[in-house]
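I opened this structure to see how parts of the chain are packed. My entries follow in the order in which I looked things up.

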Amino acid sequence: MKRAHAVLAASVAVLGAFAACSSEPSSTAPSVDGGAPPPYDASTDATTPADAEVSFDWDFPPDFPPPRVPADNPMSAVKAQLGRRLFYDKRMSGNQTQSCAGCHDITKSFTDGRATARGSTGQAHPRAAMNLANVGYMSALGWANPLLLTLEQQALVPMFGDNPVELGLKDSEQLLARLRPDPVYVDLFARAFPGVADPITLENVTKALACFERTLLSGRSAYDRYLAGDANALTASQKRGREMFFSERFECYHCHAGFLFSDSTMTRLSKFYEVAFHNTALYDLDGKGAYPEPNRGLLEITGKPADMGRFRVPTLRNVAVTAPYFHDGSAATLSDVLDHYAAGGRTITSGPYAGSDGSKSPLKSSLVRGFTLDPQEKADLVAFLESLTDEGFLKDPRFGDPFAP
Amino acid sequence: MNSKMSIAASVLATAIVCPLVVFACSSDDPAPAAKTDAGASSSSSSSSSGGSSSSSSSSSSSGGADAGDPAVTINFGAKVGAEPWSCTKQYLDLGTTKAKVEPKDLRFYVHDVRMIRSDDQEVPVTLTVDGKWQSADVALIDLEDGTGSCTEGNPDVNAKIVGTAPKATYKGLAFRIGVPFAKNHGNPTTAPAPLNLTQMLWSWQAGYRFMKIDTQPLDTGAGAPPPFFMHVGSTDCVGDPEKGVAVTSCGRPNRFEVRLPAFDAATQKVVFDYAALVAGADLLVNGGGPPGCMSGTTDPECTPTFPKMGLDVTSGAPSGAQGIFKAE
């Protein structure tokens with residue numbers, strides 16, 4: 001705990017130093033109506049949210065930098081507590097059968113074990129539930145949506161989206177009317193958002209959820225212990241797998257980059273916006289790189305043909321417990337994933353996509369080149385990936401179900 | 001910045017981020033698009049068709065609004081062919097496969113409202129802010145009342161736009177369907193009504209649905225058809241994430257102009273016709289993409305419906321006249 005404070009305080013000092021000599025122009029973003037969250041501005045970050053957060057104990061894993069936090073939603077323990085309760089509350093769905101945790105199960109690093117998720121009405125989601133470990137560091141949210149910049153903004157998609165239906169809330173009043181009479185929420189909202197006459201609002205629901213999600217820090221795996229100096233934390237096989245992971249022969253680390261193993265990661269120290277989407281050659285239905293609907297990736301947002309099949313790189317932290325894999329859950333095991341990358345793309349010989357040969361897709365990432373992998377090497381790589389599991393996170397009582405008996 | 005601070009800062013930054021920082025792969029970085037959104041501009045082309053239908057005399061200067069301007073009410077309605085649209089009715093013979101449908105929703109945003117003066121000059125209508133249906137920039141028309149098959153709706157209905165316009169002789173009406181660009185991509189949880197209605201959110205596109213016109217086609221014996229959603233909104237949007245701005249422009253604005261050269265606000269309504277919107281569509285089979293049309297360029301249900309709104313389905317730009325709103 002002391003250490004977390006020390007890191008944060010030090011980082012505030014760093015930011016202060018940056019602010020003092022920053023030559024970056026101040027934001028010239030066009031004004032957006034309706035009280036849009038102010039653009040992130042590191043020069044004010046040191047004095048506004050960070051000050052408010054000095055009393056917030058992040059309990060950062062070793063060497064984790066602070067995540068970016070919107071200036072209008074500073075962290076607080078009670079707000080995170082409120083967000084956690086909302087996250088696990090089935091009243092968050094229209095028919096009150098499913099909470100956020102219905103698809104984001106802590107024991108699976110907040111995924112659901114299904115190939116693709118299932119909403120409160122039973123409707124199948126086209127995509128797999130995403131791992132929420134360290135989600136506060138992701139520079140874009142969802143599998144392929146560069147427009148979703150904050151967790152506050154993203155929360156509206158599962159709450160109100162109707163294609164597919166996830167939580168299936170009819171409207172904000174349906175939810176707020178359920179929360180208002182509950183004395184636990186009356187108390188939590190009042191303390192999380194002090195000085196407001198009516199704190200039980202949709203805005204504050206999204207802020208509390210986002211605050212809780214930013215506390216989901218996972219970085220105490222065997223691999224982290226190894227990095228911290230415990231040479232025995234990894235087995236010999238895992239150490240060999242690590243060498244392979246970070247090798248040019250396999251290229252894994254180019255996209256699974258950084259301390260979260262995703263090249264769409266940002267921290268409060270980041271000075272540039274980084275996000276990337278990649279086509280990993282899972283499909284090529286037409287010889288031109290087509291992915292099957294409704295999972296065509298970044299193209300669905302940008303409309304650009306070159307964005308067909310491009311998805312954000314998921315973190316590999318806790319990856320051993322987040323099967324099945326890929327945006328559509330089409331790989332059952334880590335071994336299957338490695339087979340896919342070894343082949344340089346997926347060839348499909350049966351079923352509705354028979355004839356699809358992703359390895360020949362003109363749109364596939366230049367890093368998906370294929371490689372040979374003998375059984376021992378595969379076992380080593382899988383063993384390394386398994387060393388990224390933070391067992392404590394998966395049962396951390398701070399992140400568990402507050403309604404559990 | 002003094003040098004001590006500088007050294008301390010860089011050492012600390014390294015300490016915090018290392019040892020796992022490796023190079024991000026940049027070969028696939030999306031190139032930012034340089035498309036523009038045509039949303040905010042208002043058309044001021046004049047029309048010479050249509051007869052005069054109002055007879056008050058004008059004393060104000062062209063287009064100028066002032067606090068003493070007379071009130072204007074523009075009434076809206078909806079039909080399915082010849083029949084009035086209602087949540088408690090079913091309708092026959094719609095689209096290319098003569099589908100039978102029941103309504104689920106009918107709401108749309110209107111902005112850039114103009115009266116067409118007898119000399120063809122367009123005069124802006126100043127919307128009366130009411131804290132519910134109208135802000136200064138946009139009005140919500142909501143024709144579903146939550147009854148019958150409109151199970152996801154609510155009892156509140158709004159079938160009119162209220163505002164003021166300078167005293168003049170007007171013969172026509174023009175407006176645009178949609179939310180103006182400047183208001184389309186803010187934070188909906190703090191936006192003023194009518195932009196805080198969650199049912200009109202299009203969160204995955206960081207904007208609003210301009211039109212939400214949904215029906216449920218009924219089983220004709222060949223199995224239950226999927227719902228037919230008609231969700232029109234801006235797509236192909238790009239932002240400036242470095243500055244924290246989700247959307248700075250949209251490649252396909254998908255806002256369209258409704259121009260009624262002969263319209264008498266005192267005696268007529270603006271009437272939406274669902275049968276006209278879906279005349280070229282197959283409501284019984286989803287030919288691809290989401291059920292119905294969610295503004296996709298390759299969605300088979302958008303191809304026949306977008307032209308009815310006067311929209312080019314590929315560019316999202318105006319193309320020809322709309323054919324789903326009439327003066328009656």
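**Entry 1: two helices.** I looked at helix α4 (residues 77-87) and helix α9 (residues 202-214) of chain A, which pack at an angle of about 100 degrees with their axes 7 Å apart. Axes are lines fitted to C-alpha atoms, for helices over the stretch in contact, and angles run from 0 to 180 degrees between N-to-C directions. The angle makes α4(A) roughly perpendicular to α9(A), a term for 65 to 115 degrees. On the α4(A) side I noted contact residues including A:Leu82, A:Leu86 and A:Phe87, and on the α9(A) side A:Val205, A:Leu209 and A:Phe212 among them. Contact means heavy atoms within 4.5 Å. I sorted the residues of this contact into 9 nonpolar, 1 polar and 3 charged. Here Ala, Val, Leu, Ile, Met, Phe, Trp, Tyr, Cys and Pro count as nonpolar, Asp, Glu, Lys and Arg as charged, and the others, Gly among them, as polar.

**Entry 2: basis.** I noted that this is a predicted model, where local features need pLDDT of at least 70, side-chain atom pairs count only at pLDDT 80 or more, and totals for chains, interfaces and linings use all residues. Residues are numbered from 1 along each chain as its sequence is written, chains are lettered from A and ligands numbered from 1 in the order in which they are written, and side-chain values use heavy atoms, with hydrogens and water left out. Helices (H or I, at least four residues) and strands (E, at least two) are DSSP runs, numbered from the N terminus.

**Entry 3: helix α7.** Which residues of helix α7 (residues 172-179) of chain A are buried? I found A:Ser172, A:Leu175, A:Leu176, A:Arg178 and A:Leu179; buried means under 20% relative accessible area (1.4 Å probe, protein chains only). Seen down the axis of α7(A), these residues fall within an arc of 160 degrees, so they line one face of the helix. The arc is that of the directions from the helix axis to the C-beta atoms. Their cover includes α4, α6 (156-160), α8 (183-192) and α9 of chain A.

**Entry 4: two loop residues.** I found A:Phe60 in the loop between α3 (49-53) and α4 of chain A, buried with a relative accessible area of 4%. A:Phe60 and A:Gly219 are 159 residues apart in sequence and 8.2 Å apart in space, C-alpha to C-alpha. A:Ser139 lies in the loop between α4 and α5 (151-154) of chain A and is buried at 4% relative accessibility.

**Entry 5: the chain.** I counted 16 helices and 2 strands in chain A. Of its 405 residues, 59% are buried.

Key:
Parallel < 35°, antiparallel > 145°, perpendicular 65-115°, else oblique. Buried < 20%, exposed > 50% of the residue type's maximum accessible area, 1.4 Å probe, protein only.
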